[in-house]
Every structure is written in structure tokens, then in C-alpha cells.
Amino acid sequence: MITQQDVKYLGAECMLKRSSLRSQLLLAVALACCAILSAQVMIRYMWTLPQFSHLALYNDKLEIKRFKSVLQLQLKRLQNIAYDNAVWDGSYTKALARDQQWFKDNFMIGPSFQHLSINGLYFYDNEQQLLAGMSVDNNLQPITVAMFSAPQDIPTKLLISTEEVQQNQLMPVSKTSFIKVNDKPAVVISQSIAPSLEQGVSA
């Protein structure tokens, strides 16, 4: 026999079971969402972000290689300019004669700097005394660079001594140096003055 009170109890129990089932479903959905989010976070941190980091590092390496290649080309170009103007009978005989005016007339002119894309050109004799020299800014306006005008102020590594040429079996000697000129980074190519046949005492 079922009383009215019993029906109410059964109804309440049934509602409790439904509520519990709904809670379980919500919990399952919430856990599933958390699992999906956790998987996405793990994928991002374990795979996506490292891939981006690897790609950025690869691009950085490519940029460094490009810069290195461009720098090497520019250095080679400057070294060729220095060699062509220093290892030449014309420069050699005039340097031996200390013909300063000849160097001024032939090299210390604006178009030469523009054509060669350089900012400075200096000639020294075998006693490391200045024969002629000039520096210009990017607008080809003359600028003063005291360190190149006074040999005693020039870092030793920039000048080439007669001893260095002798140690090189009287063959031309070249140096490449990175320095600061008027607080700006610059590259200096030093080349010993020699005859066109290359072998000879330094002028």
C-alpha cells in the first residue's frame, strides 16, 4: 500500500536523482572543456610557441648571413680601391719624391670620393708622414678628422711600417681595421704603397 506521503517522498527522490544527473552532466561538460583548454595550452606551449621561436631564430640567422655577405662585399670593394690606388707606379714614384701637390690634384677632389663611395683618403710616406689627405661627410662637404692629419695621433695598427713590408718579402701589405671616427663607426683599409709589379721597398 502506498500512502500520499510515500508518493511525495518518491517524487522528491526522483527530482533529486534528476538534479544529481544534471550536475553530473554539467561536471562532465566542464571537465571536457577544461581538458580541451588544457590540450590547447599544452599544444601552444609545447609545439606552437617553440615553432615560432625556432622560425624567429632561423630568420635572425638569415639576416645575419645577409649582413655578413653585404659587409664582406663592401670590404672587398674598399680593399680593391686601396690596392688600385697604392700599388701603382704613379703613386709609388710620387710618394718616393714626396710630391704632395700631385696627390692633392689627383685624389683630393669631391668627384673622386663620390665615385668611389668613400668618406676619406689619406697618403703617407715610408716615414709615416702625411703626404695628402681629406675627409668628407655624406654630402661631400670637407670635415676635419684630427687623428688622420697628425701621424702621432693615429693608432699604430692603422699605419704600415717599412718593417712590415720587409717581413712580407717586400710584397704589398694590407690591413682592415674597425674604429670610431668622430664618434661614428668606420672601417679603415690601410695599404702599403708599392710599384705596379708589387715587389719593392715601401714608398
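Reader: To begin, is Trp102 buried or exposed?
Author: Trp102 counts as buried, because its relative accessibility is 17%; buried means under 20% relative accessible area, exposed over 50% and partly exposed in between, with a 1.4 Å probe and protein chains only. This is a predicted model, where local features need pLDDT of at least 70, side-chain atom pairs count only at pLDDT 80 or more, and totals for chains, interfaces and linings use all residues. Residues are numbered from 1 along each chain as its sequence is written, and side-chain values use heavy atoms, with hydrogens and water left out.

Reader: How many aromatic pairs are there?
Author: The whole structure holds seven aromatic pairs. Rings of Phe, Tyr and Trp (its six-membered ring) pair if their centres lie within 6.5 Å; planes under 30 degrees apart are stacked, over 60 edge-to-face and the rest tilted. One of them joins Trp88 and Trp102, with centres 5.8 Å apart and planes at 40 degrees, so this pair is tilted.

Reader: And how accessible is Trp88?
Author: Trp88 is partly exposed, because its relative accessibility is 37%.

Reader: What about Phe103 and Phe123?
Author: Their rings form a tilted pair, 4.7 Å centre to centre with 40 degrees between the planes. Phe103 is buried at 0% relative accessibility, and Phe123 is buried at 5%.

Reader: Which residues do ring pairs link into a cluster?
Author: The cluster consists of Trp88, Trp102, Phe103, Phe107 and Phe123.
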